[in-house]
Amino acid sequence: MKGVAPNMGSCHNGVRIMRIISRKTLRLFWEKPEYADVEQSLKAWFREASNADWTSPAAIKAAFGTASIVANNRVVFNIGGNKYRLVVKVNYPYRVMYVRFIGTHAQYDRINVEEV
């Protein structure tokens, strides 16, 4: 039955790639003058993550060895020379990453990473 299966992520030349929701959150962060230094690092992360086919936490760790895998499908990436932390929630079967938090280490220390 055509159209019954859910859309399992985006395709590019037959290769599944990750959808990231949302790039706008990242852009709004780097547009703040105090965080302008992280723009290129976030763009590079977005480009690499968008073109990845991460089906498991191990696949993310293989690409980003410094990423931290935490509970509730959260992954913490060190961004901008480890000056910033990016937390995403990953839906592996659907190849979707939801940006849950971006901030400095001090800001990160004030959140519950498993619940953001």
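This is a predicted model: local features need pLDDT of at least 70, side-chain atom pairs count only at pLDDT 80 or more; totals for chains, interfaces and linings use all residues.

Biologist: Which backbone oxygen does the side chain of arginine 95 reach?

Modeller: The backbone oxygen of tyrosine 92, at 3.1 Å. A polar contact is a pair of N or O atoms within 3.5 Å; within protein, one must be able to donate a hydrogen and the other to accept it, and residues adjacent in sequence count only if both atoms are side-chain atoms. The side chain of arginine 95 also makes such a contact with that of aspartate 53, at 2.6 Å.

Biologist: Is arginine 95 buried or exposed?

Modeller: Buried means under 20% relative accessible area, exposed over 50%, partly exposed in between (1.4 Å probe, protein chains only). Arginine 95 has 13% relative accessibility, so it counts as buried.

Biologist: Which residues of H2 are buried?

Modeller: Leu42, Trp45, Phe46, Ala49 and Ser50. They lie on the same side of H2 because they cover an arc of only 120 degrees around the axis, taken from the directions from the helix axis to the C-beta atoms. Gln40 and Arg47, on the other side of H2, are exposed.

Biologist: With which residues is tryptophan 54 in contact, leaving aside neighbours within four places in sequence?

Modeller: Contact means heavy atoms within 4.5 Å. Tryptophan 54 has Ala49, Phe77, Tyr92, Arg95 and Met97 among them.

Methods:
Residues are numbered from 1 along each chain as its sequence is written. Side-chain values use heavy atoms; hydrogens and water are left out. Helices (H or I, at least four residues) and strands (E, at least two) are DSSP runs, numbered from the N terminus.
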